[in-house]
Amino acid sequence: MSKHIDRALHNWDYEPGAVQARLIKSSDGRQVIQMRVDLGVLQLETSGRPDGKRPHGCATYLDHVRQQARAAERDGAAFVLDEEQCQEADREFLQFYHRRVGWLALRDYERAVADADHTLAFMDFVRDHSPSDDYTAAHEQYRGFVMFQRTQGAAALALEKNDPEQAIDEVRRGLDRLRTFFVDHDIEGQMEEDGMVRHLRKIERFVRREHHIEETLQEQLDRAVANEQYETAARLRDELRRRHC
């Protein structure tokens, strides 16, 4: 069997600064993502862990270390990631990053959001079980970026489903999460000048303008609750439930 990758690279030149991804069928018929990078091609599985492995029999390495943490807690011990576990965690972070940006490039927003949620959950685990402040900080610095990509994906998915109000609400929730991130890092004053925040504000303005939405039902509900208009709030909650049934 030939081991070269010339066929995969044929007529697929690398474009600096662009995310180049495609879905193809492998030799056994399963669907995989291929991503063009400077020196070749990355191939990622579309479900489970991107490299197709099952660490210690688990779907992901996060699942494995969660099991270890629960076992330690049952024994009354604190669970702290060791050096090898940190290295394996970093491998999984990188794999899910590549697949997340691949899904966004392919406009598969539902799976992009799912992979972002996995990364954010792993970041939470690392924060709670990190061996050092430096290791925590090395991952927390990217939390805002993952939140940003998740919000992009969630808003795009809502628009794909012809629900512009939901898209606006997703952007607003994402901005609230980013505000918490900026506050936690003592840089709240820089938030409105941040490129990610400005991009999400631009998306929100575009959706409101294109779909003539001044205020979503959720925004009306939030305002009613803030003003202690409880009957109005109850009516709006019922309307929201009916809309999302």
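Me: What pattern does the chain follow along the sequence?
Reply: This is a predicted model. Read along the sequence, its chain goes α-β-β-β-α-α-α-α-α-α-α-α-α. That pattern comes from ten helices and three strands.

Me: Ok. What box do the C-alpha atoms fill?
Reply: Along the principal axes, the C-alpha atoms fill a box of roughly 70 × 55 × 40 Å.

Me: And how much of the chain is buried?
Reply: The chain has 245 residues, and buried ones make up 41% of them. As for contacts with a separation of 6 or more, 53% are between residues 24 or more positions apart.

Me: Let's do the strands. In what order do they sit in the sheet?
Reply: The order is β1-β2-β3, in an open sheet with antiparallel pairing. β1 (20-25) and β3 (40-45) are the edge strands, each pairing on one side only. Neighbouring strands are turned by 30 degrees against each other on average, if direction is ignored.

Me: How many bridges are there between β1 and β2?
Reply: Six, in the antiparallel sense, with β2 covering residues 31-37.

Me: Which residues other than glycine have a positive phi?
Reply: His-56 is one of them, with phi near 55 degrees. It is in the loop between β3 and α2 (61-74). Asn-162 is another, with phi near 60 degrees, and its place is in the loop between α6 and α7.

Me: Is His-56 buried or exposed? And Asn-162, buried or exposed?
Reply: His-56 has a relative accessible area of 61%, so it is exposed. Asn-162 is at 69% relative accessibility and therefore counts as exposed. The cut-off for exposed is over 50%.

Me: Which of its residues are buried?
Reply: In α8 the buried residues are Met-196, Val-197, Leu-200, Glu-204, Val-207 and Arg-208. They are on the same side of α8, because they cover an arc of only 105 degrees around the axis.

Me: Why would residues spaced like that point the same way?
Reply: An α-helix has 3.6 residues a turn, so residues three or four places apart point the same way.

Me: What do the buried ones of α8 pack against?
Reply: Their packing partners are α6 (143-160), α7 (164-184) and α9 (217-226).

Me: And which exposed residues are on the face turned away?
Reply: That face of α8 carries Gly-195, Arg-198, Lys-202, Arg-205 and Arg-209.

Me: What caps the N-terminal end of α8?
Reply: Asp-194 does: one of its side-chain oxygens lies 2.9 Å from the backbone nitrogen of Met-196. Met-196 is also among the buried residues of α8.

Me: And what comes just after α8?
Reply: Just after α8 there is His-212, which takes a positive phi of about 55 degrees.

Notes. Residues are numbered from 1 along each chain as its sequence is written. This is a predicted model: local features need pLDDT of at least 70, side-chain atom pairs count only at pLDDT 80 or more; totals for chains, interfaces and linings use all residues. Side-chain values use heavy atoms; hydrogens and water are left out. Buried means under 20% relative accessible area, exposed over 50%, partly exposed in between (1.4 Å probe, protein chains only). Helices (H or I, at least four residues) and strands (E, at least two) are DSSP runs, numbered from the N terminus. The arc is that of the directions from the helix axis to the C-beta atoms. Contact means heavy atoms within 4.5 Å. A polar contact is a pair of N or O atoms within 3.5 Å; within protein, one must be able to donate a hydrogen and the other to accept it, and residues adjacent in sequence count only if both atoms are side-chain atoms. Two strands pair if DSSP finds at least two bridges between them. Axes are lines fitted to C-alpha atoms, for helices over the stretch in contact, and angles run from 0 to 180 degrees between N-to-C directions.
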